[in-house]
Amino acid sequence: MDPIISPHTPDRPADDPSVGSSRDADAVDPAQALPSFPAPPDRASTSTPEPETSLLPESEIVPLRPNLALAIIGTILFLPVGIFGLWQTILARRGLASGAGAVAIQRAGRGRTLSIVAVCVGALGWLMLVPLCILLGFGVAVNSGGLAGTRIVDVSPAEGARTVSIELQATSPEPARYTVLRPDGSEYSDTLTALEPIRLDIAVGDYAEIRVISDRSEGEVSCTVRDEDDELTTQHGSGFALCGVAGVE
């Protein structure tokens with residue numbers, strides 16, 4: 001039986017040099033090879049990515065609750081506005097108890113707003129009022145403590161008389177000045193050394209006074225008012241003293 005010889009592959013010996021040269025001719029030079037790119041994705045196969053599921057739980061909507069304590073504080077600090085906030089808060093609490101949730105929430109919001117306004121305005125007012133009260137109290141304490149002694153006394157003429165005779169006197173161990181205001185409105189001032197009592201006649205509707213001012217801010221001064229029988233008043237002060245007399249019926 002004869003061997004089958006392919007017409008396309010001639011039978012050549014293995015040591016034939018033409019065999020190796022043909023294989024080398026079929027090899028491709030790497031420098032001349034074309035670059036290869038990945039195939040573009042199929043547009044038809046693209047799909048919209050699904051949104052990621054949130055791991056945090058959704059926040060629950062908490063309805064506004066009426067704040068009775070805030071309403072009471074607002075009423076105490078500023079009554080004209082706070083009382084309306086308190087009333088709305090009470091109505092909101094009643095509405096929640098009866099099941100009227102929507103109306104109760106609206107009233108609770110109005111009550112909270114009015115209460116906040118009352119707290120802010122009231123707090124500002126008290127911050128301004130407290131220092132004023134402290135200053136007024138300090139002034140009263142200063143006057144009552146003798147730092148600036150002042151007093152006006154009323155005198156009445158005796159039955160059948162038209163005037164009252166009074167004496168004004170001022171004393172000071174240190175240099176000072178005194179000023180006398182007469183019933184006719186005129187006044188005079190002089191240095192206080194050894195001042196004799198000044199006698200004046202006071203009728204109904206008249207007014208007279210004597211003021212003593214020390215040359216030192218802390219100098220002790222005093223003034224005295226006497227009538228024909230006894231002493232009406234004596235005022236002592238540090239730096240200033242005033243004694244006045246008014247005629248009344």
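How many of the eight residues of strand β6 (residues 207-214) are buried? Six of them are, so β6 is largely enclosed by the rest of the structure. Here, buried means under 20% relative accessible area, exposed means over 50%, and partly exposed lies in between, with a 1.4 Å probe and protein chains only.

## What you're looking at

This is a predicted model, where local features need pLDDT of at least 70, side-chain atom pairs count only at pLDDT 80 or more, and totals for chains, interfaces and linings use all residues. Residues are numbered from 1 along each chain as its sequence is written, and side-chain values use heavy atoms, with hydrogens and water left out.

The chain has four helices and nine strands. Helices (H or I, at least four residues) and strands (E, at least two) are DSSP runs, numbered from the N terminus. Follow the sequence and you get the pattern α-α-α-α-β-β-β-β-β-β-β-β-β. Of the chain's 249 residues, 27% count as buried.

## A helix residue to look at

T75 sits in helix α2 (residues 68-77). With a relative accessible area of 14%, T75 is buried. T75 and G85 are ten residues apart in sequence, and their C-alpha atoms are 7.7 Å apart in space.

Now for the strands. Two strands pair if DSSP finds at least two bridges between them.

β6 and strand β9 (residues 240-247) run antiparallel and are joined by seven bridges; A208 has V245 in β9 as its bridge partner. β6 also pairs with β3 in the antiparallel sense, over six bridges, and R177 stands opposite I213 in β6.

Opposite T179 you'll find S189 in β4, while Y178 has D190 in β4 as its bridge partner. The hairpin of β3 and β4 has five residues between the strands, and G185 in this hairpin takes a positive phi near 100°.

What does a search of the whole structure find in the way of aromatic pairs? It finds one. Y178 and Y188 make an edge-to-face pair, 6.2 Å centre to centre with 85° between the planes. The pair links distant parts of the chain, with Y178 in strand β3 (residues 176-181) and Y188 in strand β4 (residues 187-192), ten residues apart. Rings of Phe, Tyr and Trp (its six-membered ring) pair if their centres lie within 6.5 Å; planes under 30 degrees apart count as stacked, over 60 as edge-to-face and the rest as tilted. Y178 counts as buried at 7% relative accessibility, whereas Y188 is partly exposed at 28%.

## The four-stranded sheet

There's another open sheet, with four strands in the order β5-β2-β7-β8 and antiparallel pairing. Its edge strands are β5 (198-203) and β8 (231-238), each pairing on one side only. The twist from one strand to the next averages 20°.

Strand β7 (residues 220-226) and β8 run antiparallel, with seven bridges joining them. T224 stands opposite T234 in β8.

## The largest pocket

The largest pocket holds about 180 Å³ of space. On a 1 Å grid over the protein atoms alone, a pocket is an open set of points where a 1.4 Å probe fits, with protein on both sides within 12 Å along at least five of seven lines; lining residues have an atom within 4 Å of a point. Grid points are joined across faces, edges and corners, and a volume is the space filled by probe spheres set on the points.

Which residues line the largest pocket? They are V155, S156, P157, A158, T163, V164, S165, D227, E228, D229 and L232. Strand β2 (residues 163-171) gives the largest share of the lining, three residues. By type, the lining divides into five nonpolar, three polar and three charged residues. Ala, Val, Leu, Ile, Met, Phe, Trp, Tyr, Cys and Pro count as nonpolar, Asp, Glu, Lys and Arg as charged, and the others, Gly among them, as polar.

Technical notes
Axes are lines fitted to C-alpha atoms, for helices over the stretch in contact, and angles run from 0 to 180 degrees between N-to-C directions.
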